[in-house]
Amino acid sequence: MVFAGQRGVEILLENTPNELATAENLQLFNSMTHLKLNYVFDTGHAHIGAGIEHEFAIMKPRIRSLHVHDNDGKEDSHLFPDISKREGGTIDWTATMELLRSCPGQYPLLLELREVAAMQHPLDEISRVFDQLESLQSAHA
């Protein structure tokens, strides 16, 4: 941490789909080590784990970065966010965007995606996905 700090870099812990890096275990690690490291919140990994809402609630105060991708809730497939639910993703993006917007000092959405070989214009698709995510409104709005 000292080495990273001297270079203006912050070390972040990410919730990953394994027993070691669940939101609860990351919180426990911080508590036991007194390191107070901040987090990368990964939507796809949370969806595979205990759920986006559950993991977000635990990690929220220390989230400093996001990894945004979709999956079927079982495989870490790093799909484009699937708002229409036609491509195999099952994340509720309206609810997820509401959670992500609930943090003061909003962090940027960082897509963490697998390459789709058949996609001819991936940058256009990325732009479309960002527009869709940004336009989602809460059912409570």
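Which strands does α4 lie across, and at what angle does α4 run to β2? Helix α4 lies across β2 and β3. Its direction is at about 165 degrees to β2. The model is predicted.

- Three strands form an open sheet in the order β1-β2-β3, and the pairing is parallel.
- β1 (12-14) and β3 (63-67) are the edge strands, each pairing on one side only.
- From one strand to the next, the twist averages 30 degrees.
- Three bridges join β1 to strand β2 (residues 38-42) in the parallel sense.
- E14 has V40 in β2 as its bridge partner.

**Helices α4 and α5**
- Two packed helices are described by the angle between their axes and the distance between the axes.
- Helix α4 covers residues 52-59, and helix α5 covers residues 93-101.
- Their axes come within 11 Å and cross at roughly 5 degrees.
- Angles under 35 degrees count as roughly parallel, so α4 is roughly parallel to α5.
- On the α4 side, the contact involves I52, E53 and F56.
- These meet T96, L99 and L100 in α5.
- By class, this contact of α4 with α5 has four nonpolar residues, one polar and one charged.

**The largest pocket**
- The largest pocket has a volume of about 290 Å³.
- Its lining is made up of 17 residues.
- F80, D82, E87, E125 and R128 are the lining residues that lie nearest the centre of the pocket.
- By class, the lining has seven charged, six nonpolar and four polar residues.

Technical notes
Residues numbered from 1 in each chain as written. Predicted model: local features only at pLDDT ≥ 70, side-chain atom pairs only at ≥ 80, totals over all residues. Heavy atoms only, no water. 1 Å grid on protein atoms, 1.4 Å probe; cavity = no way out; pocket = protein on both sides within 12 Å on 5 of 7 lines; lining within 4 Å. Points joined across faces, edges and corners; volume = space filled by probe spheres on them. Nonpolar A, V, L, I, M, F, W, Y, C, P; charged D, E, K, R; others polar. Axes fitted to C-alpha atoms, helices over the stretch in contact; angles between N-to-C directions. Helix = DSSP H or I, 4+ residues; strand = E, 2+ residues; numbered from the N terminus. Parallel < 35°, antiparallel > 145°, perpendicular 65-115°, else oblique. Contact = heavy atoms within 4.5 Å. Pairing = 2+ DSSP bridges.
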